[in-house]
Amino acid sequence: MTPASPVRQDSPAPILSPRQIALILFALAMGGFAIGTSEFVVMGLITDIARAMGVNEPAVGHVISAYALGVVVGAPALAILGARMSRRSLLLALMGFYAFGNLASALAPGYYTLMFARFVAGLPHGAYFGIAALVAARISPPEQRGAAVGRVMLGLSVALLVGNPLATWLGQTFGWRWAFGLVSLIALATVTMTARVLPPGMHAPRPDAMRELRDFNRKPVWLALGIGAIGFAGMFCVFSYLAPTLVHVTGVRESFIPFGLIAFGIGGILGTLGGGWLFDRLQFRAAAWILVWSAAILLLFPLAARSVWTVLPAVLAVGTMGALATVLQAHLMDVAKSAQTLAAASNHSAFNMANALGPWLGGMAITAGYGWTSTGVVGAITAVAGLLIYFWARSDVQRTRALAVVNEAE
């Protein structure tokens with residue numbers, strides 16, 4: 001392996017070869033692979049965990065929400081606490097902590113300790129993705145920022161295609177605890193590779209804390225986060241209860257569940273790559289098209305779930321909703337000004353608010369007797385709500401531009 005070229009800490013951007021950039025993006029994506037495998041594996045093992053813990057499946061949905069709550073709390077908190085660290089050191093620390101959180105999940109003796117361990121495991125999730133996205137954008141040409149962020153997020157999508165089905169099979173075969181043990185090993189491998197390929201000196205010039213908080217506390221930032229927190233909940237609403245939906249509605253055996261996860265993973269990869277491509281061409285407008293698409297496929301899901309021939313294409317289509325994450329991540333880099341680190345990390349807080357909101361709303365609909373496929377209708381409502389927030393954000397931008405023109409004319 002060619003040694004990484006030294007990079008000055010005060011340089012505007014590191015000077016790296018295409019091969020070095022590719023290796024760094026691969027290492028960062030490996031961390032995303034570990035996180036994606038851990039975040040979604042509970043959804044594939046929801047029935048196994050419920051059986052082992054002596055609770056029902058909606059109760060295991062609260063374990064999913066506990067992880068999401070950890071992301072919501074940890075993303076901004078760890079981004080602020082790690083502000084004085086280099087981005088390289090912070091990435092290594094976050095992924096090391098992630099390995100610890102998943103080991104604790106594997107060793108949890110009961111339901112409530114598992115819920116707490118999942119909360120702990122979620123803490124470094126958002127900060128890692130936020131910092132990784134900033135590093136990817138900084139080492140890449142300006143016209144390829146969206147694609148670079150998409151490649152980092154691709155690790156999350158590949159986890160849905162490979163890591164999650166593998167961990168689900170492992171959990172079904174040897175016990176659910178082995179799935180979290182696998183994630184710990186992947187996280188440790190990520191630490192090793194990142195330490196080797198990412199050069200020192202990855203701090204970017206940082207403003208003082210008050211300026212960062214001031215730039216963060218602006219309407220364009222909060223509206224972008226709102227789109228993710230509300231508009232993305234539909235994907236999690238459907239995916240969280242995919243396993244019991246396949247068994248109880250589609251009528252397949254539990255051994256078929258990994259195929260549903262693979263279909264979702266393929267959709268996630270297409271969505272992640274497509275999201276970066278759309279942002280580089282449409283910028284923020286890409287979010288509106290993705291939300292319209294999301295509402296349509298979620299409304300069709302209850303019908304598609306009734307047949308084994310249509311459920312897999314429908315699940316694949318639901319997975320493409322992941323394009324929204326890439327688009328909003330890149331958009332926040334444009335509107336956050338000096339608060340890019342905090343905003344990038346908070347984007348994952350927003351998406352995990354969606355991860356908490358989706359299972360909760362879906363669980364309420366199921367418990368109320370509307371059936372497993374009611375998650376599609378509930379999810380479509382959240383996508384439409386996200387679209388309304390998008391139009392609010394667009395009108396705010398247009399109003400700001402109009403005022404600027406008037407002020408210049410005066």
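**The whole chain**

Please note at the outset that this is a predicted model. Display the protein chain as a cartoon: 18 helices are present, and zero strands. Of its 410 residues, 60% count as buried. Next, show the surface. The accessible surface of the protein chain comes to about 16,600 Å², and carbon and sulfur atoms account for 70% of that area. Among the contacts in the chain with a separation of 6 or more, 84% join residues 24 or more positions apart.

**First stop: helices α1 and α2**

Select residues 18-44, which form helix α1, and residues 46-53, which form helix α2. At what angle do α1 and α2 pack? The angle is about 70 degrees, and the axes lie 5 Å apart. Angles of 65 to 115 degrees count as roughly perpendicular, and α1 and α2 are therefore roughly perpendicular to each other. To view the contact itself, show the side chains of V42, M43 and G44 in α1 together with I46, D48 and I49 in α2. The residues of this contact comprise four nonpolar, one polar and one charged.

**Second stop: helix α5**

Select residues 111-122, the twelve residues of helix α5. At 1.5 Å a residue, α5 should span 16 Å; its end C-alpha atoms are 17 Å apart, which agrees. Now colour the buried residues of α5, namely Y111, L114, A117, R118, V120, A121 and G122.

Is T190 buried or exposed? Its relative accessibility is 1%, so T190 counts as buried. Display the residues in contact with T190, leaving aside neighbours within four places in sequence: A27, M30, G31, M95 and Y128.

Remain in helix α8 and move to A195. A195 has a relative accessibility of 31% and counts as partly exposed. Apart from residues up to four places away in sequence, A195 touches R88 and L92. Then draw a distance from A195 to S89: these residues are 106 apart along the chain, while their C-alpha atoms are separated by 8.6 Å.

Select residues 145-174 to display helix α7, and centre the view on W169. With a relative accessible area of 45%, W169 is partly exposed. W169 and P258 are 89 residues apart along the chain, and 7.0 Å separates their C-alpha atoms.

**Last stop: G376 in helix α18**

Finally, select residues 374-409, which make up helix α18, and locate G376. G376 counts as buried, at 0% relative accessibility. Which residues does G376 touch, not counting those up to four places away in sequence? They are V238, L298, L299, F301 and P302. For L299, the C-alpha to C-alpha distance to G376 is 5.7 Å, although the two residues are 77 apart in sequence.

How values were computed: Residues numbered from 1 in each chain as written. Predicted model: local features only at pLDDT ≥ 70, side-chain atom pairs only at ≥ 80, totals over all residues. Heavy atoms only, no water. Axes fitted to C-alpha atoms, helices over the stretch in contact; angles between N-to-C directions. Helix = DSSP H or I, 4+ residues; strand = E, 2+ residues; numbered from the N terminus. Parallel < 35°, antiparallel > 145°, perpendicular 65-115°, else oblique. Contact = heavy atoms within 4.5 Å. Nonpolar A, V, L, I, M, F, W, Y, C, P; charged D, E, K, R; others polar. Buried < 20%, exposed > 50% of the residue type's maximum accessible area, 1.4 Å probe, protein only. Areas by Shrake-Rupley, 256 points an atom, 1.4 Å probe, with all protein chains shown as cover. Expected span 1.5 Å × (residues − 1).
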